[in-house]
Amino acid sequence: MSEYILEMKNITKEFPGVKALDKVNFKVKKGEIHCLIGENGSGKSTLMKVLSGFHKYGSYDGEIIFEGEKQQFNSIYDSEKIGIITIYQELALIPELTIYENIFLGHEIKNKGMIDWNKTTSESEKVLKKLGYELDTSKKIKDFGVGIQQIIEIAKALSKNVKLLVLDEPTSSLNETDSENLLRIVKELKKQGITSILISHKLNEILEVADTITILRDGLTIKTIENNENITENEIIKHMVGREITD
Ligand code: ADP
Ligand code: MG
């Protein structure tokens with residue numbers, strides 16, 4: 001088997017008047033934390049929406065290979081079925097529903113055709129506990145801040161047997177404590193064998209957690225680099241903006 005869990009080859013995606021992705025190549029190793037970075041509009045979210053099936057097979061050119069097999073996703077459901085779970089910038093939780101209803105929304109635990117609420121509650125608590133949280137899962141989402149809501153999104157991903165977790169700028173709306181907590185969880189998931197793609201524009205974060213960094217610029221893959229002690233923030237910025245920077 002290949003060392004790569006995911007290979008996206010020559011991905012081209014056009015919107016009317018915009019080539020959002022131009023033959024992008026993006027490969028993610030099994031078990032790593034791979035940071036995807038680039039300025040606003042560089043194509044990061046579009047690439048992840050191609051991966052998740054939000055942009056259906058046929059609406060882009062190129063190939064997606066996951067765990068060695070070619071994939072043709074027609075919906076987000078198709079990618080989730082094989083373990084690719086994407087958490088978008090805009091959280092998808094429903095504020096008026098409880099934590100446990102949100103975690104199992106769309107993949108309810110059933111018993112003789114009926115939703116098994118006891119099991120749903122206990123499984124929700126179990127999965128949150130794995131992340132280090134003891135919450136009353138009968139409370140509504142709207143009673144919690146955005147930091148906890150991100151954790152609940154991750155709990156939802158875990159309840160779906162995630163293999164590849166995609167986080168699109170998860171820390172952009174979080175304070176420092178919540179951001180650190182989220183990064184700690186991503187590192188914890190890595191220990192459990194879960195691969196992550198993390199989109200972020202916070203360079204300190206990236207240098208802290210990334211095994212590998214891919215930089216997009218204007219819909220092109222500029223560079224994929226291993227994160228090691230030789231990488232500096234300045235070098236990354238140089239690739240992001242396409243020129244030397246001065247202080
Ligand atoms: P990033 O996530 O890196 O900020 P995006 O992938 O969101 O960038 O956007 C890449 C480019 O594609 C931008 O020029 C953006 O305006 C355009 N784009 C993204 N989604 C759409 C869409 N649904 N319709 C038209 N243009 C889009
Ligand atoms: Mg984006």
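**Exercise 1.** Find which element gives the most to the shell around ligand 1.

*Solution.* Step one: α1 gives the most, with three residues. Helices (H or I, at least four residues) and strands (E, at least two) are DSSP runs, numbered from the N terminus. This is a predicted model, in which local features need pLDDT of at least 70 and side-chain atom pairs count only at pLDDT 80 or more, while totals for chains, interfaces and linings use all residues. Residues are numbered from 1 along each chain as its sequence is written, and chains are lettered from A and ligands numbered from 1 in the order in which they are written.

Step two: at least two shell residues come from each of β2 (18-29) and α1 (44-52).

Step three: look for the residues around the ligand, among them Phe15, Val18, Asn40, Lys44 and Thr46; a residue belongs here if its C-beta atom, placed from the backbone, lies within 6 Å of the ligand.

**Exercise 2.** Work out in what order the six strands form the open sheet.

*Solution.* Step one: the order is β6-β9-β10-β3-β11-β12, with mixed pairing. Two strands pair if DSSP finds at least two bridges between them.

Step two: locate the edges, β6 (84-87) and β12 (220-226), each of which pairs on one side only.

Step three: zoom in on β9 (residues 164-168) and β10 (residues 195-199), which run parallel and are joined by five bridges. Here Leu165 stands opposite Ser196 in β10.
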